[in-house]
Amino acid sequence: MLQLRIYTLRSPEALRQYATVHWARHIETFPTFGVTTHAVWIERSGGANRLVALINYLPSADPEQVTRQVMASPEFAADMAGFDTAEIVDVQSIVLEPTSFSPIS
């Protein structure tokens, strides 16, 4: 199951730190929980402070349950060490269903 996750950060500085340090760490952590990261982008239009990630869960996974497991793990705590999570002001999750011709499924 594919999911688009959109994180809105309070400032450009928080976005830079979250993207280059903490989300970069998540890419190594997520496979432990059956999550694959396909891509991570930074939105630069209109002064947005957004990180957008395309991730994939195992077909039988419940994304909400997996997210709770990841966030409760010591690995996630280590990924986020040194970052004030209050700098994340919004998170949106959009489940995506690939078409039959999609190169990513």
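Buried residues are those with under 20% relative accessible area, exposed residues have over 50%, and partly exposed residues lie in between (1.4 Å probe, protein chains only). The structure is a predicted model, in which local features need pLDDT of at least 70 and side-chain atom pairs count only at pLDDT 80 or more, while totals for chains, interfaces and linings use all residues. Residues are numbered from 1 along each chain as its sequence is written, and side-chain values use heavy atoms, with hydrogens and water left out.

**View 1. The whole chain.** The protein contains 3 helices and 4 strands; helices (H or I, at least four residues) and strands (E, at least two) are DSSP runs numbered from the N terminus. Read from the N terminus, the order of elements is β-α-β-β-α-α-β. The radius of gyration, taken over C-alpha atoms, is 14 Å, close to the 13 Å that the globule rule (2.2 Å times the number of residues to the power 0.38) gives for 105 residues, so the protein is as compact as a globular protein of that length. The C-alpha trace spans about 40 × 35 × 20 Å along its principal axes. Of the 105 residues, 38% are buried.

**View 2. The two faces of helix α2.** Helix α2 covers residues 63-71, and its buried residues are Pro 63, Val 66, Thr 67 and Val 70. Seen down the axis of α2, these residues fall within an arc of 100° (taken from the directions from the helix axis to the C-beta atoms), so they line one face of the helix. The face turned away from this buried side carries the exposed residues Glu 64 and Arg 68.

**View 3. The surroundings and start of α2.** The buried residues of α2 pack against the strands β1 (2-9), β2 (35-43) and β3 (50-57), and against the helix α3 (74-80). At the start of α2, a side-chain oxygen of Asp 62 comes to within 3.0 Å of the backbone nitrogen of Glu 64; a polar contact is a pair of N or O atoms within 3.5 Å, where within protein one must be able to donate a hydrogen and the other to accept it, and residues adjacent in sequence count only if both atoms are side-chain atoms.

**View 4. The largest nonpolar core.** A nonpolar core is a set of buried Ala, Val, Leu, Ile, Met, Phe, Trp, Tyr and Cys residues joined through side-chain atoms within 4.5 Å. The largest has 20 residues, and those with the most contacts inside it are Tyr 7, Leu 9, Tyr 18, Trp 23 and Leu 51. At least two residues of this core come from each of β1, α1 (12-29), β3, α2 and α3. The largest share, 5 residues, is supplied by α1.

Terms used:
Contact = heavy atoms within 4.5 Å.
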